[in-house]
Amino acid sequence: MYLLELKNITKRFPGNLLALDNVNFNLKPGEVHTLLGENGAGKTTLMNILFGLYKHDKGEILIEGKKVNITSPASAITHGVGMVQQHFTLVPSFSVAENIILGLKKTGRFKIDLRNVVKRIKELSDLYNMNIDPNAKVWQLSVSEKQKVEILKVLYEEAKIIIFDEPTAVLTPQESESLFQAIDMMKNNGKGIIFISHKLKEVIRVSDRVTVLKNGRIVGTLDKGNLDENELAKMMVGRDFLFNIKKTPANPGKEVLKVENLVVKNDKDILAVKGLSLTIREGEILGIAGVTGNGQRELAESIAGLRKVENGKIKFYNLDITNTSVKRRLKLGIAYVPQDRKETATCPNLSVAENLFIRQKNKVRILNKKEMLRNSKKLIKKYSIIANNEKQPIKFLSGGNMQKVVLAREFELSPKLIIVEHPTRGLDVQAMEFVYNSLIDARNNGAAILLLAGDLDEVFTVSDRVAIIFEGRIMGYVEPEQSKVDEVGLMMAGVALEA
Amino acid sequence: MLHLKLKIEKRLERFKCENFLISVVSLIISLVIMGIFIWINTGNFADVVETYKELFTWPFFPELGLVDTILKMIPLALIALGLLVVFKMKVWNIGAEGQLYLGAMATTWGALFLFKNMSNSISMITLLLIFGAIAGALWALIPAILKAFLKLDEIVTTLMLNYIAVYWLNYLIYGPWKDPKGFNFPLTAVFPKNSWLPELGDTGIHIGIIITFILVFVTYFIMYKTHLGFELKIIGDNPKAARYSGISIEKNLIIAMIFSGALAGLAGSIQVLGVQHRLQHGFSTGYGYTAIIVAWLARLNPFSAVIVAFLFGGLLVGGEQLQIVMRFPISMISALQGLILFSLLASEAIFKYRIKITKNDPIKIGGEFNGNT
């Protein structure tokens with residue numbers, strides 16, 4: 001019998017975005033079942049449904065064979081589901097024990113018997129080699145200790161099913177290993193573990209089964225014996241569908257971008273790009289392939305001027321632009337299509353016309369509304385953007401059309417360098433083809449393009465050269481030929497190839 | 001079996017005049033609630049009718065309170081114009097009251113000490129108004145710098161600076177600036193005649209109203225016609241997109257706060273030069289706070305702000321009248337203002353959603369509604 005069964009779970013978000021499409025998932029007691037997938041594949045959505053944070057539109061949840069109705073995290077906990085969140089939810093000024101019983105109802109109505117709580121936490125901590133003092137204040141703890149408190153909290157609640165949502169994102173390799181040992185012990189004590197990650201190595205280290213999720217659908221499930229980094233990487237990012245896009249051979253000209261020994265930190269203040277170098281020439285598309293979270297975002301943002309460079313140099317036509325302002329880079333002709341079009345690339349309540357106008361090469365003091373509207377009309381036509389009119393707030397546009405607005409704006413800067421991050425996420429096939437053709441057109445007109453894609457096929461379809469990124473470094477280069485996919489898969493998993 | 005289900009969902013589309021409708025509906029709601037209060041308080045429904053009759057006629061008729069209403073409209077409108085610029089970028093300047101005080105104090109300093117012997121009235125008034133505006137701007141610059149460079153919350157700092165401004169003014173009028181011939185009242189000597197704002201004919205309305213109307217157009221121009229206004233709009237809607245577009249949030253924050261403070265300071269200056277002709281205790285009846293409601297009810301539109309300021313001026317004048325006629329405490333009017341703001345915020349949230357009644361589909365999701373037939 002399964003400890004947990006999720007049957008035909010479907011979830012649609014407002015705006016008709018299908019986040020989960022008939023997903024089936026199960027978990028046996030004493031097993032680690034990993035959910036693997038790119039950002040936005042639906043892993044976290046699925047777990048949030050199980051933990052009562054979202055409500056699914058269709059499908060059912062069975063725990064130990066019985067259908068359950070989980071309406072909130074509290075009801076998830078009573079059903080034995082616990083979640084170790086990616087972001088900690090601890091009160092810094094409280095002790096470990098106080099944090100653990102926070103919000104629990106079992107502790108007695110008026111008086112809290114803290115002594116028993118402390119004893120129990122000590123037992124659990126010893127059992128899993130966690131070495132946590134229940135009386136320590138949380139603000140004194142390190143990040144990995146805080147995570148242990150979160151885990152102890154779940155164990156204290158006597159969860160049978162424990163969800164770990166990207167637990168190693170904040171840990172060093174050594175800390176990760178001790179976490180895996182704790183997970184192994186929990187497994188041996190009969191708990192069912194759901195592990196979420198997109199790091200292949202650790203997935204193979206910890207899992208009994210791996211289910212790969214992509215665009216809200218299950219790609220497949222592999223058992224322990226068959227786990228293979230290369231295969232998993234391909235399942236995560238592969239697409240069954242190939243475009244036939246007419247691409248003439250590249251005709252590279254002068255060197256446009258030169259990145260030398262770049263070092264950049266991520267939002268958590270951890271090094272994400274670690275001494276990376278690359279160059280791109282006029283009329284050339286350099287595709288970067290890699291599993292998400294290996295420094296792609298930080299690389300793109302530092303070239304666009306949105307992220308501080310710790311070390312190294314960025315040169316544009318031999319001009320040092322390291323840590324210069326965004327404005328200056330716009331003026332030089334550096335366009336940037338960020339991966340999150342809603343969070344960064346657009347202003348949701350501003351109109352399509354205004355969004356086409358927010359990034360300008362030359363700042364004008366006085367606005368010419370008429371010209372702005374006339375221009376927008378032209379661009380809406382040119383890029384076949386579907387909108388009621390140019391005055392419609394952009395948030396009412398579909399993802400694909402929103403992306404077209406962003407692309408139109410950036411291409412109209414007549415840029416010499418275009419940085420494109422995940423340009424086709426959430427787009428349908430026509431929109432994808434449009435994006436690819438626009439990129440190739442821009443290249444043919446002499447632009448240098450840095451394409452950071454989450455999708456192997458995307459890289460292979462559009463790029464002239466492919467660089468593989470792993471843990472903030474370039475692992476190697478390949479020609480974009482289908483026969484090279486296996487090689488790329490290995491390098492994406494961090495295996496260095498001999499020349 | 002038929003299951004009916006109530007579903008609350010976000011409305012995606014907005015209908016025409018929605019903003020206007022929200023403002024009007026929330027006004028009506030707050031008047032109804034206030035009416036119930038008055039009814040309970042006096043136990044007589046006729047009093048409610050009488051109250052509203054007084055409230056809606058007295059302030060708006062020329063022979064009655066109209067001049068007073070306009071005199072109160074001027075500071076309210078000026079402050080609101082400044083506020084809507086900062087509110088546009090979602091910076092909450094609660095410190096207009098303090099900035100108003102600083103403007104009044106700087107003007108008083110100029111009128112009584114620095115320029116008291118100036119013979120040219122026009123240059124003296126101009127100088128004093130600029131003085132007031134600069135003082136208000138500097139007072140607003142403090143929280144702006146604290147926010148831009150130390151990320152201190154502007155709501156707290158602007159609010160705290162209000163208290164400092166109030167006590168500073170009290171110190172001056174109870175201490176060094178007290179009028180020696182003032183029978184020990186907390187007020188300064190009367191300003192020299194040269195510094196008084198001229199009246200428009202013999203209407204009793206000073207030229208501050210012209211300054212206000214000019215600034216309405218200036219504000220409109222900044223907000224809708226300049227790149228600065230566009231940048232403020234971008235920052236207000238999505239600060240991340242602003243950064244991505246190369247817009248300096250810090251620079252715009254400081255510019256907007258200076259503008260906002262300058263207008264509040266100017267309002268303080270105009271108030272003492274045009275109405276009281278001296279600095280006295282309680283010279284402002286909380287204009288800086290009321291203007292927050294004005295800016296918000298006007299939906300951050302400069303033209304609407306003048307209209308709303310006029311109505312709120314009327315509310316203040318009507319409130320004073322109610323003290324006399326109905327013997328209501330002045331706090332009644334503050335309560336009404338508060339009610340209006342609350343219903344405004346509530347209606348805004350409620351208007352974002354709609355209730356949908358659907359027949360339950362065969363697959364039961366959760367168990368939020370168990371209807372039996």
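This report looks at chain B of a predicted model, at how chain B meets chain A, and at how its two domains meet each other.

## Ground rules

Residues count from 1 along each chain as its sequence is written, and chains are lettered from A in the order in which they are written.

Start with pLDDT, the predictor's confidence in each residue, from 0 to 100. Chain B averages 86, and 90% of the residues score at least 70. (Helices, H or I with at least four residues, and strands, E with at least two, are DSSP runs numbered from the N terminus.)

Residues 360-373 of chain B have pLDDT below 50, though beyond near neighbours in sequence this stretch has 15 contacts in the model. A contact here means heavy atoms within 4.5 Å.

## Where chain B meets chain A

The contact draws 24 residues from chain B and 36 residues from chain A. About 2600 Å² is buried between the two chains, with carbon and sulfur atoms giving 57%; buried area is the accessible area (1.4 Å probe) that two parts lose on being put together, summed over both. His227(B), Phe230(B) and Tyr244(B) supply 29% of what chain B buries here, more than any other three residues.

The rule finds one salt bridge across this interface (a side-chain nitrogen of Lys or Arg within 4 Å of a carboxyl oxygen of Asp or Glu). Glu354(A) pairs with Lys233(B) in a salt bridge, with the closest N and O atoms 2.5 Å apart. On the chain B side, helix 7 (208-225), helix 8 (227-237) and helix 9 (239-244) each give two or more residues, and helix 8 gives the most, with six.

An automatic or database domain assignment sets the bounds: domain 1 is 1-43 + 330-373 and domain 2 is 73-328. Their contact takes 15 residues from domain 1 and 12 residues from domain 2. The buried area is about 1400 Å², 73% of it from carbon and sulfur atoms. Ile330(B), Ile333(B) and Gln337(B) supply 38% of domain 1's share, more than any other three residues. The salt bridge count between these domains is zero.

How values were computed
This is a predicted model: local features need pLDDT of at least 70, side-chain atom pairs count only at pLDDT 80 or more; totals for chains, interfaces and linings use all residues. Side-chain values use heavy atoms; hydrogens and water are left out.
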